[in-house]
Amino acid sequence: MSALIAHISDLHLDGTEETTRRATRTVDHLRSLHRSPDLLVVSGDIADHGAPEEYEQAAALLDLPFPVLVCPGNHDDRATLRSGLLGQDPSDGPVDTEHRGTGFTVLACDTSIPGRDDGHLGTETLERVRRTLDEVALLEEYPRVVGVLAGHAHTGAAATLAGRPVLVAPGVTSTLSMPWETEEARAVRTRPPGIAFHVLAEDASLTTHFRSVP
Ligand SMILES: [Fe+2]
């Protein structure tokens, strides 16, 4: 049976009516699906200011009847995310998480750099990926790494990296228009919340469907 991975990004929860409505609408839609996802990936910018109350809201919203894997973005605060959302002791190290489902593993790699908008894959995170890949024998069979899931771009997109698909989830709150679509190329919150559904088949082929939340 194929695995269904729902993927959302950039909720930017800030306690306002608009972000609450967009996030609630999105998780309600995920709850109403004919088939529950095997996993929901939330790829960053969960909170807008990294504040404890924003993670309190996130924890309530993401209390779902299926597994949820979160990864921070540049708006998140590692320590507050850890304590408020993951129930872990607060620390400032990379929030690297993983989910092992039936027939698939998703490694969430924290590329955020505290206090900066850009990011990079740090040594600690890369070492963790190497250890996990070794452990699950994926390095020897490297083609089994079927793709890279990302957020932060505020627009659904597909690209390639080292011959693998890079699949970017559209934003829930922050959305972006491209220069060829409108004069306000960087306008945010003008598009409906979006979700990427990644379907991983038994033969390891990966198909992604981008949807706007109705
Ligand atoms: Fe963002």
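1. The protein has 214 residues and a radius of gyration of 17 Å. A compact globule with that number of residues would be near 17 Å, so the two values agree. Keep in mind that this is a predicted model.

2. Along the principal axes, the C-alpha atoms of the protein occupy a box of roughly 50 × 35 × 35 Å. As for burial, 34% of the 214 residues count as buried.

3. Sequence separation is worth a look. Take the contacts between residues at least 6 apart in sequence: 63% of them join residues at least 24 apart.

4. The secondary structure consists of four helices and ten strands. Read from the N terminus, the order of elements is β-α-β-α-β-α-β-β-α-β-β-β-β-β.

5. Five strands make up an open sheet with mixed pairing. Their order across the sheet is β3-β2-β1-β9-β10. The edges are held by β3 (68–71) and β10 (206–212). Each has a single partner strand, so one side of each lacks a neighbour in the sheet. From one strand to the next, the twist averages 20 degrees.

6. Strands of a sheet can pair either parallel or antiparallel, through backbone hydrogen bonds. Here β2 (residues 39–43) and β3 run parallel, joined by four bridges. Within this pair, L40 stands opposite V68 in β3.

Key: Residues numbered from 1 in each chain as written. Predicted model: local features only at pLDDT ≥ 70, side-chain atom pairs only at ≥ 80, totals over all residues. Pairing = 2+ DSSP bridges. Helix = DSSP H or I, 4+ residues; strand = E, 2+ residues; numbered from the N terminus. Axes fitted to C-alpha atoms, helices over the stretch in contact; angles between N-to-C directions. Rg over C-alpha atoms; globule rule 2.2 N^0.38 Å. Buried ≥ 20, exposed ≤ 12 C-beta atoms within 10 Å, placed from the backbone. Contact = placed C-beta atoms within 7 Å.
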